Amino acid sequence: MVNSNNLYELIAVVLFTWLLYAVIFAPKKHNLFPVWATIEVALTSLIISSGGFARRILLSIRRYGGSLVGLTSKHQVLVNFPGAERLMSQSYHSISAGPVHYTLFTRVFGANDSPALKKKLEESYKSLLAPVERTYLNEAAAGAVIEKADVPKMAASFVTFSSNRKSMMRWELSAAIRVITPDTPDKPGVVEANLQSLVRDFGFCISTPLLYGQDFMDRYPQLLDDFWRFDNDLFPLLMIGLPKWAPLKIMKDGLAARARLLDQMEALYRRIDQYQRGDSADFGADMSDISNTALERNKVYERENWSIKDRGVGDLTLLWGLNANTHPVLFWLLAYTYSTPGLLERLREETAPHIKLSQAHPPEIKSMDIATLCRDCPLLKACLFETYRMSVEATSIRYITEPISIEDGGCKRELKSGMFISVPHSIIQRDSSVYADPDTFVPERFLEADPETGKPAVRYGKLKPWGMGTAMCKGRKFAEKEIVSAGAAILSLWDIDPASGTWKLPAMAPGTGVKKPVEDIRVVIKRRVSS
Ligand code: HEM
């Protein structure tokens, strides 16, 4: 059985070896986030969090001092720096996320590195973000979009009790569903499934058609498998600089998945472009439910002269931003709430006024008020925040474009232009002086009485799941609404128990933003027995 500590030790040794290799042999490319810096961030977070001898060594060999931890002048990790928020909020003329975006764009998402593309990305990035912000960062717009998905209807078919793949929902296909008892009017059905796979694909099927339309989903049957293979397997390998020719199956399969994703995104943008010009789209595809976000982005791509191929790469980054973190968080939220004794009942009681169930068999959600679920359910919100704390590993990475002087523990320090700085927000999430018993799921730690009204209130405090400053997450309003509505709908309709008879959550491994379980959780799912 894999133990969390052993796993992290093993990861630390592998990372350290690779760090040495990468620092020595890495090609010195101007302005790209160095591959070894990714490893430096991961190692520094691990070592600082675990403390002890390794921490003392790291602090003694670092180049500077105070909050700056790092071996080189090219990259420094900022640890517990009180002025981080202010620093990250400075104008992009002095501190910029641009070179980090370009690094991801070329190293991970598959764009061909060229000065012309770099210039194009720099000139278009803000305009490309604007349509995302208008929908995904705006309370009312994000609420209106999530309503369109009809989450209650989708949640009613979370599992269909079907053994025939043709009758299953899309999100059931990779969940290794096994029907134990078929669902009949006389006898309620029971299925076994892999929870992580089921939940993240369920989430993907909510968010993706809202952005790119149902036709895109239907036309690309391998989409979900390719997406998770790219995210789980290929992304981390490319980030730490493993060459694409490495003779590893995981690399070969990951690259093949990315190639299919890029082909399909390019074909999608060709259809969007045809539709926007008033021409008929390839294959007579139905483009009527393409979002304004995609249409507005295409206008920017067109204005800035992006090839259709590069538009595909540009929007693979958005598809990834939309899905890669949100649905693993939804999985952990459900895993924690179902496995924590007594919590499910309390959540059902709290959410009941906002989710009206029918008396029919099987019960259905007659109405769900997403706005009040998000606003008036402090325990649910505290569970979500505690899930962020346990699972999200956000890092804000920036490039210093103009020298900046910072006040650090009574000392003045100079951040020179050309340096990358990383702020790994998850270090504080595991700090026992901030969060007592940090390895245990305790949602109540985020619940406090509002000083004015005395009512329970939930505050972020030191938690930073969305990063910070000007390049903070642009999808956070939508992500929260989606997780809350999907999570609450599933909690209301379904009973979920461990197939082994006892809940045991798997160890967590580093992911691309949210930790991954080292193995899936096999569960038994039945319709909720009303209480
Ligand atoms: C639980 C879910 C999510 C988490 C934990 C998360 C976290 C993050 C983090 C940590 C960053 C980097 C911030 C920084 O550098 O300081 C980021 C950036 C970003 N996220 Fe999210 N995100 C989530 C969901 C979403 C969704 C649903 C979208 C929708 C499209 C989205 C779009 C973006 C974009 C566009 C950026 C780049 C912002 C910029 O460069 O200005 N994210 N996200």
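Which residues in H6 meet which residues in H7? Arg134, Thr135 and Tyr136 in H6 meet Ala141, Ala142 and Val145 in H7, two residues being in contact if their C-beta atoms, placed from the backbone, lie within 7 Å. This is a predicted model, in which local features need pLDDT of at least 70, side-chain atom pairs count only at pLDDT 80 or more, and totals for chains, interfaces and linings use all residues. Residues are numbered from 1 along each chain as its sequence is written. Helices (H or I, at least four residues) and strands (E, at least two) are DSSP runs, numbered from the N terminus.

**Helix packing**

- The axes of H6 and helix H7 (residues 139-148) cross at roughly 80° and come within 6 Å; axes are lines fitted to C-alpha atoms, for helices over the stretch in contact, and angles run from 0 to 180 degrees between N-to-C directions.
- H6 is therefore roughly perpendicular to H7; angles under 35 degrees count as roughly parallel, over 145 as roughly antiparallel, 65 to 115 as roughly perpendicular and the rest as oblique.
- The contact of H6 with H7 has four nonpolar, one polar and one charged residues. In this classification Ala, Val, Leu, Ile, Met, Phe, Trp, Tyr, Cys and Pro count as nonpolar, Asp, Glu, Lys and Arg as charged, and the others, Gly among them, as polar.
- Helix H5 (residues 98-107) packs with helix H6 (residues 115-136) at an angle of about 125°, the axes being 10 Å apart, and the two helices are therefore oblique to each other.
- In this pair, Gly98, His101, Tyr102 and Phe105 in H5 meet Lys118, Leu121, Glu122 and Tyr125 in H6. By class, the contact of H5 with H6 comprises four nonpolar, two polar and two charged residues.

**Positive phi angles**

- Most residues other than glycine have a negative phi.
- Asparagine 80, although not a glycine, has a positive phi of about 50°. Asparagine 80 is found in the loop between strand S2 (75-78) and helix H4 (84-88).
- Asparagine 80 is partly exposed because 16 other C-beta atoms lie within 10 Å; a residue is buried if 20 or more other C-beta atoms lie within 10 Å of its own, exposed if 12 or fewer, and partly exposed in between, with C-beta atoms placed from the backbone.
- Phenylalanine 161, also not a glycine, has a positive phi of about 60°. Phenylalanine 161 belongs to the loop between helix H8 (151-156) and strand S4 (178-181), and is buried, with 22 other C-beta atoms within 10 Å.

**Arginine 270**

- Arginine 270 is found in helix H12 (residues 249-276) and is partly exposed, with 16 other C-beta atoms within 10 Å.
- Leaving aside neighbours within four places in sequence, arginine 270 is in contact with Asp282 and Ile308.
- Asparagine 298 is 28 residues from arginine 270 in sequence, and their C-alpha atoms are 9.8 Å apart in space.

**UniProt annotations**

- UniProt positions are given in the numbering used here, feature names are shortened, and annotations may be inferred rather than shown by experiment.
- An unreviewed UniProt entry lists Cys473 for "binding site". Cysteine 473 lies in the loop between strand S13 (456-458) and helix H20 (476-493).
- Cysteine 473 counts as partly exposed because it has 19 C-beta neighbours inside 10 Å. Not counting residues up to four places away in sequence, cysteine 473 touches Trp466 and Gly467.
- The unreviewed UniProt entry places the feature "transmembrane region" at residues 7-27 and 33-54. Over residues 33-54 the chain is 86% helix and 0% strand, with the end C-alpha atoms 25 Å apart.
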